[in-house]
Protein chains: 2
Amino acid sequence: MKKTKETLISQLREKGLKVTPQRMAIVDALVENRYEHPGATLVFNEARKKAKHVSLSTVYATLKEFSENGLIRQLEFDRMENRYDVDLSDHVNLICNRCGKIFDYSIPASLEPRDIARKSGFVVTDTRLEFHGYCRDCLKRPD
Amino acid sequence: MKKTKETLISQLREKGLKVTPQRMAIVDALVENRYEHPGATLVFNEARKKAKHVSLSTVYATLKEFSENGLIRQLEFDRMENRYDVDLSDHVNLICNRCGKIFDYSIPASLEPRDIARKSGFVVTDTRLEFHGYCRDCLKRPD
DNA sequence: TTTCATTTCGGAATCATTCCAGTTTGTAAA
DNA sequence: TTTACAAACTGGAATGATTCCGAAATGAAA
C-alpha cells in the first residue's frame, strides 16, 4: 500500500485538518522525495517551488502536526536535522555514516548484520535499539 | 565487567590521553551516575562539586573525546540533550515517554514488547531500530 | 627543569527548532 | 453565497544544546 498524495490528503480530511495550498505543497514534497527521507529544509525548498507562499515556520509546524496525527513518521537524529518517513510499515533504517543517506530494510527479515550486508550491501558498524514507552512508575502515576 | 573509575583512567592512559583534575571529576560523575545515563549538564554539575575548575566547554569536549575513543557511548536523542552510557555491552535502551528516564534491558533476551513488559514492567509504545554503517556506494568510494 | 602538544577556558557563533502575536483563510453552518 | 471563527500562516525573535575560537594553563616526556 504505497502512500500517495491522495492518500495523505484524504487522511488530512479524516482528521479534521484543513487542506491548504501550503499543506498540498508539503505533501507533494514528502511524497516525491520519499526515498530521500527528507528533512525540514529539503521539504521547505521543494514546497517553495510549487507554492510560493510557504514559510519555514509553517513547514516545521506542519511536519509536527502530520507526525502527531500519524500521517508520517519523524526520524530524530542528533547531528542531523530530523528526517521524515512517509512509509509507516515496520522497517529498519540503515543510515550511512559517510553520506548520511537513509535506506529502508523491511521487517520481518533477518536482523543479522551479515544478512543485511548480503542483501543490501550495507555494512553495519553500529546498532541502536530504542524502545519508547512508559516505565513502571509512570504507569502508576495519574496524569 | 563493571566499569570503574580506575578502568576508565587506565584506558585514558592507554590511549595517550592526559589525566587532568577535570577529567578525573568527569569520570567520577559518569561512574557515580551511571544508572542515570547522565547528560552533559548533569555531568557538569556533578563534576563541579568535586573540582571547582571545570567549564561546560571542557565537559562537552571531554565527553566527545571519550566517546570517540570508545570509553563511553553517546546516546543521541532529539528533544533531549545527549546522554552518556558507561555500559558498552549490547543492550536495549528503554526510554520513558513521560519522565525521560532510560532503562537498560540486556541482550540476548526476547525483544518482544510483551516479554519486555513482563520482565521489566515497561510498556513499549514505539520502537526504533537503527543500524549505522556504510552504504554500498560509500564503500566503493575512496577516502 | 624545560618543552610543547594537549587541555582548558569563557564567550561568541551556530543551527535546528519553537515560540509569539498579529494576520489570513478554509470550511461548516446560516 | 455570505458569515464567522477556529485553525493555519507568517517573519522574526527566542531557545537550547553544542561547537568553535584564540589565548592561557598544564600534564608528562626528555
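Which residues have the most contacts inside the largest nonpolar core? In this predicted model, local features need pLDDT of at least 70 and side-chain atom pairs count only at pLDDT 80 or more, while totals for chains, interfaces and linings use all residues. Residues are numbered from 1 along each chain as its sequence is written, and chains are lettered from A and ligands numbered from 1 in the order in which they are written.

Back to the core: it has 18 residues, and those with the most contacts inside it are Ile26(A), Ala29(A), Leu30(A), Val43(A), Ala47(A), Val59(A) and Ile72(A). A nonpolar core here is a set of buried Ala, Val, Leu, Ile, Met, Phe, Trp, Tyr and Cys residues joined through C-beta atoms within 7 Å. Helix 1, helix 2, helix 3 and helix 4 of chain A are the elements that give two or more residues to this core, and helix 2 of chain A gives the most, with 5 residues. Apart from it lies another core, of 17 residues, including Leu8(B), Leu12(B), Leu63(B) and Ile72(B).

Now for chain A as a whole. Its secondary structure comes to 6 helices and 5 strands (DSSP runs numbered from the N terminus, with helices being H or I of at least four residues and strands E of at least two). Read from the N terminus on, the order is α-α-α-α-β-β-β-β-α-β-α. Of the 143 residues in chain A, 24% are buried. A residue is buried if 20 or more other C-beta atoms lie within 10 Å of its own, exposed if 12 or fewer, and partly exposed in between, with C-beta atoms placed from the backbone.

Helix 2 of chain A, residues 21-32, deserves a look of its own. This helix has 12 residues and reaches 16 Å from its first C-alpha to its last, close to the 16 Å expected at 1.5 Å a residue (the expected span is 1.5 Å times one less than the number of residues). Arg23(A), Ala25(A), Ile26(A), Val27(A), Ala29(A) and Leu30(A) are buried in it, and the buried residues pack against helix 1 (5-14), helix 3 (40-50), helix 4 (56-68) and strand 2 (83-85) of chain A. Leaving aside neighbours within four places in sequence, Ala29(A) is in contact with Pro38(A), Val43(A), Glu46(A) and Ala47(A); contact means that the C-beta atoms, placed from the backbone, lie within 7 Å.

Over in chain B, Tyr84(B) sits in strand 2 (residues 83-85). Why is Tyr84(B) counted as buried? Because Tyr84(B) has 24 C-beta neighbours inside 10 Å. Not counting residues up to four places away in sequence, Tyr84(B) touches Leu30(B), His37(B), Pro38(B), Leu63(B), Ile72(B), Gln74(B) and Leu75(B). Arg34(B) is 50 residues from Tyr84(B) along the chain, yet their C-alpha atoms are separated by 8.3 Å.

Then there is the DNA. Around DNA strand D there are 23 residues, of which Thr20(A), Gln22(A), Ser55(A), Thr58(A) and Asn82(B) come nearest (a residue is near a strand if its C-beta atom, placed from the backbone, lies within 6 Å of it). Helix 4 of chain A provides the largest share of this surface, 4 residues. Around DNA strand C there are also 23 residues, with Asn82(A), Thr20(B), Gln22(B), Ser55(B) and Thr58(B) coming nearest. Helix 4 of chain B gives the most to the surface near DNA strand C, with 4 residues.

Technical notes. Contact = placed C-beta atoms within 7 Å.
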